[in-house]
Amino acid sequence: MGFSLWTLLEASLLCLNAICILNEDRVLAKYGWSTVNREFEDTPSTKTQILALMKSIRTVVKYPLIIFNLLIILVKSLTG
């Protein structure tokens, strides 16, 4: 199995899936990565900016990701 554009596409799909299913309250709050009281800072830290990026990815990519997952599953099942 070599490195190709297809494997890069699958890896990005897995990363997007991981970001979308990650629960802030259950997982990230344990490590101090919660967005509580961080959204209204004057100068947001790097951690706050990463959390905002993850939140926006979840908002924008949710429904296209479902279609993309179905497409990948269909292609994988047809090619073997």
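What share of the 80 residues in the protein is buried? Buried residues make up 21% of them, where buried means under 20% relative accessible area, exposed means over 50%, and partly exposed lies in between (1.4 Å probe, protein chains only). Before we go further, please keep in mind that this is a predicted model, in which local features need pLDDT of at least 70 and side-chain atom pairs count only at pLDDT 80 or more, while totals for chains, interfaces and linings use all residues. Residues are numbered from 1 along each chain as its sequence is written, and side-chain values use heavy atoms, with hydrogens and water left out.

Let us start with the overall layout. The protein has 3 helices and 0 strands, and along the sequence the pattern reads α-α-α. Helices here are DSSP runs of H or I with at least four residues, strands are runs of E with at least two, and both are numbered from the N terminus. The C-alpha trace spans about 50 × 25 × 20 Å along its principal axes. The radius of gyration is 16 Å, whereas a compact globule of 80 residues would have one near 12 Å; this radius is taken over C-alpha atoms, and the globule rule is 2.2 Å times the number of residues to the power 0.38.

Leu13, Ile57, Val61, Leu65 and Ile72 form the largest nonpolar core, that is, a set of buried Ala, Val, Leu, Ile, Met, Phe, Trp, Tyr and Cys residues joined through side-chain atoms within 4.5 Å. Helix 3 (residues 46-79) gives the largest share of this core, with 4 residues. Leucine 13 touches Leu65, Phe68, Asn69 and Ile72, leaving aside residues up to four places away in sequence; a contact means heavy atoms within 4.5 Å. Among contacts in the protein with a separation of 6 or more, 61% join residues 24 or more positions apart.

Together with Tyr63, Ile66 and Leu70, Ile73 forms a nonpolar surface patch with about 460 Å² of accessible area. Such patches are made of residues with over 30% relative accessible area and no salt bridge, with nonpolar side chains (Val, Leu, Ile, Met, Phe, Trp, Tyr) joined within 5 Å and like charges within 9 Å. A salt bridge is a side-chain nitrogen of Lys or Arg within 4 Å of a carboxyl oxygen of Asp or Glu, and accessible areas come from the Shrake-Rupley method with a 1.4 Å probe, only the protein chains shown counting as cover for residues.
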